[in-house]
Amino acid sequence: MLRPVEPVAAVVVCSTCRHSTEQREDESGRRGGAVLADAMRVVQQADPLLQTVEVQEMACLFACQRHCAVHVRAPGKISYILGGFQPAEDDARAILEYAALHAASAEGVVPYGQWPQGVKGHFITRTPPEGFICT
């Protein structure tokens, strides 16, 4: 069930998330999370500064009430689960901009004033890195 990946700054996208509360898949049968991951890759192609964060996909982050969920993580840093996004380029850009700031921070803490507007109100949880708790 587990597949190893390199320990890098990443956004793990729930590839099985719904498009919305009412819509599970789009007209071509694609889930919202998969569409969001593709939108992130499109944004990255246009902005090399956002290519420092890897986009990874996995099935179900168990945040179904906040569809289009992502996990922002980097080695040795606090990580975050965010959700309630639209599978679109604007939300993809906001997530990647936040993830790049997160990766550049010392412990995974980005001052609120630096958060892209598009991630505000989307945080679900924060998780300390293995071997630590947050103070």
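Predicted model: local features only at pLDDT ≥ 70, side-chain atom pairs only at ≥ 80, totals over all residues.

**Cysteines**

I began with Cys68: its sulfur has its closest cysteine sulfur in Cys17, 5.6 Å away, which is too far for a bond.

Is Cys68 buried or exposed? I found a relative accessibility of 0%, so Cys68 counts as buried.

Next I went to Cys17. The closest cysteine sulfur to the one in Cys17 belongs to Cys14, at 3.3 Å, and that is also too far for a bond. Cys17 is buried too, with 7% relative accessible area.

How many disulfides does the structure hold? I wrote down zero.

**Charged pairs**

Side chains of opposite charge can pair when their charged atoms come close. I looked for such pairs, and the structure turned out to hold six salt bridges.

I started with Arg30 and Asp38. They form a salt bridge, and their closest N and O atoms are 2.4 Å apart. I checked how open each one is: Arg30 has 31% relative accessibility and counts as partly exposed, and Asp38, at 32%, is partly exposed as well.

Which other residue does Asp38 meet in a salt bridge? I found Arg41, with 3.6 Å from N to O. Both Asp38 and Arg41 sit in helix α1, which covers residues 32-46, and they are three residues apart, about one turn of the helix. Arg41 has a relative accessible area of 29%, so I put it down as partly exposed.

Then I followed the links onward. Arg30, Asp38, Arg41 and Glu57 are joined in a network of salt bridges.

In helix α2 (residues 89-104) I looked at Glu97 and Arg93, which are four residues apart, about one turn of the helix. Their side chains meet in a salt bridge at 3.8 Å, N to O. The cut-off is 4 Å, so this pair counts. Glu97 is partly exposed at 30% relative accessible area, and Arg93 is partly exposed at 29% relative accessibility.

**Pockets**

Rolling a probe the size of a water molecule over the atoms shows where empty space is left. I went to the largest pocket and noted a volume of about 370 Å³.

Which residues lie nearest the centre of the largest pocket? Of the 13 residues in its lining, I listed Met1, Leu2, Arg3, Glu57 and Met58. Glu57 is the one I had marked, from the salt-bridge network.

I then asked which strands build this lining. Both β2 (54-58) and β3 (70-73) supply at least two residues each. The largest share comes from β2, with three residues. Sorted by class, the lining of the largest pocket has eight nonpolar residues, two polar ones and three charged ones.

I finished with the second largest pocket, which holds about 180 Å³ of space. Among the residues lining it I noted Gly76, Ile78, Glu107, Val109 and Arg126, and also Pro128, Pro129 and Phe132. The lining includes Ile133, Cys134 and Thr135 as well. By class I got seven nonpolar, two polar and two charged residues for the second largest pocket.

Technical notes: Residues numbered from 1 in each chain as written. Heavy atoms only, no water. Buried < 20%, exposed > 50% of the residue type's maximum accessible area, 1.4 Å probe, protein only. 1 Å grid on protein atoms, 1.4 Å probe; cavity = no way out; pocket = protein on both sides within 12 Å on 5 of 7 lines; lining within 4 Å. Points joined across faces, edges and corners; volume = space filled by probe spheres on them. Nonpolar A, V, L, I, M, F, W, Y, C, P; charged D, E, K, R; others polar. Disulfide = S-S within 2.5 Å.
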